[in-house]
Amino acid sequence: MHISKKSSTFAPKFVFMRDFTLDTYRALLECLQRHGYILIGFADYLKRKKQEGWSDERLVVLRHDVDARPENSLKTAQVEHSLGIKATYYFRAPKGSSNGEGDIIRAIVRLGHEIGYHYEDLSLCNGDIAQAYAHFETYLRYFRQYYAVETICAHGSPRSKYDNRDLWKAYDYRSLGIIGEPYLDTDFSDVLYLTDTGRRWDGYKTAVRDKIPQFQDTWTAKGWTWRTTAQLMEAIEKGSTPAHIMLTTHPQRWTNDMSLWYYEWLSQTVKNLVKRIRLMSE
Ligand SMILES: [Zn+2]
């Protein structure tokens with residue numbers, strides 16, 4: 001049999017890396033830096049946008065939604081710190097008292113990262129908008145014990161019928177000193193949105209709220225969709241990624257601990273299957 005020596009069309013360099021490990025995460029960040037991207041947090045992006053010449057820069061807004069396992073976020077924060085990168089970590093309101101999360105937040109702040117509130121007040125308060133706003137204020141104050149929070153980001157609450165962002169139809173977060181919310185204050189006509197939701201980079205088809213539906217067709221038409229981190233890195237190497245990107249990750253997925261890795265892989269596989277069945281029955 002004749003085997004062609006031509007290189008395959010995707011990921012010949014990175015395809016052997018196990019995806020969603022800290023090593024792969026570091027390789028992705030290094031790949032972006034090698035190709036001239038500056039990696040910044042969301043508050044930094046909003047401030048930079050006000051300066052002249054910012055649009056000529058190659059920028060990645062690095063956002064993390066800390067949905068679970070905050071200790072994993074400290075690990076990605078350390079990886080970023082070692083590369084001179086400052087990102088934004090969005091934390092959910094703590095449930096219960098003895099979770100030790102405060103120490104982790106403090107450590108992430110010490111590494112120079114931004115902290116924000118990953119709010120889900122409207123779904124936690126069953127759609128009661130006044131109660132949700134009071135709840136929001138309480139937890140904004142809570143996070144401001146650790147960091148002068150300037151940005152907030154909605155948790156998707158996929159199992160809730162409430163969209164947490166609807167709180168801002170009745171209230172204005174700017175009156176609380178908040179300068180931005182990624183879904184509401186990013187110019188997505190200029191910034192490509194990538195998220196690891198669904199444990200893949202093209203999970204927008206099954207994502208409930210973590211997606212930007214108004215621009216996804218344009219991005220897909222341009223070929224800006226990749227499934228694995230290896231494919232994404234290959235595109236960066238080829239220079240086929242756009243100049244401005246928002247990259248969202250859930251640090252609980254990214255681990256070098258193999259038992260945790262298999263647990264995440266299995267639970268996400270089951271979740272994706274359930275979502276697909278739901279979509280088919282709709
Ligand atoms: Zn979330």
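A search of the whole structure finds 15 salt bridges, where a salt bridge is a side-chain nitrogen of Lys or Arg within 4 Å of a carboxyl oxygen of Asp or Glu. Please bear in mind that this is a predicted model, in which local features need pLDDT of at least 70 and side-chain atom pairs count only at pLDDT 80 or more, while totals for chains, interfaces and linings use all residues. Residues are numbered from 1 along each chain as its sequence is written, and side-chain values use heavy atoms, with hydrogens and water left out.

Let me begin with helix α1, which spans residues 22–34. Helices are DSSP runs of H or I with at least four residues, numbered from the N terminus. Within helix α1, R26 and E30 are four residues apart, about one turn of the helix, and their side chains form a salt bridge at 3.9 Å, N to O. How accessible are the two partners, R26 and E30? R26 has a relative accessible area of 29% and E30 one of 30%. Both values fall in the partly exposed class, which lies between buried, under 20% relative accessible area, and exposed, over 50%, with a 1.4 Å probe and protein chains only.

Which residue does R34 meet in a salt bridge? The partner is E237, at 2.8 Å, N to O. R34 belongs to helix α1 and E237 to helix α9, residues 229–238, so this pair ties together parts that are 203 residues apart in sequence. R34 is exposed, at 52% relative accessible area, whereas E237 is partly exposed, at 24%.

Two further cases deserve mention. D163 and R165 are joined by a salt bridge at 3.0 Å, N to O, and R165 counts as buried, with a relative accessibility of 19%.

Is S123 buried or exposed? At 13% relative accessibility, S123 counts as buried. Leaving aside neighbours within four places in sequence, S123 is in contact with S157, S160, Y162 and N164, contact meaning heavy atoms within 4.5 Å. G53, by comparison, is 70 residues from S123 in sequence and 40 Å from S123 in space, C-alpha to C-alpha.

Thank you for your attention.

How values were computed:
Helix = DSSP H or I, 4+ residues; strand = E, 2+ residues; numbered from the N terminus.
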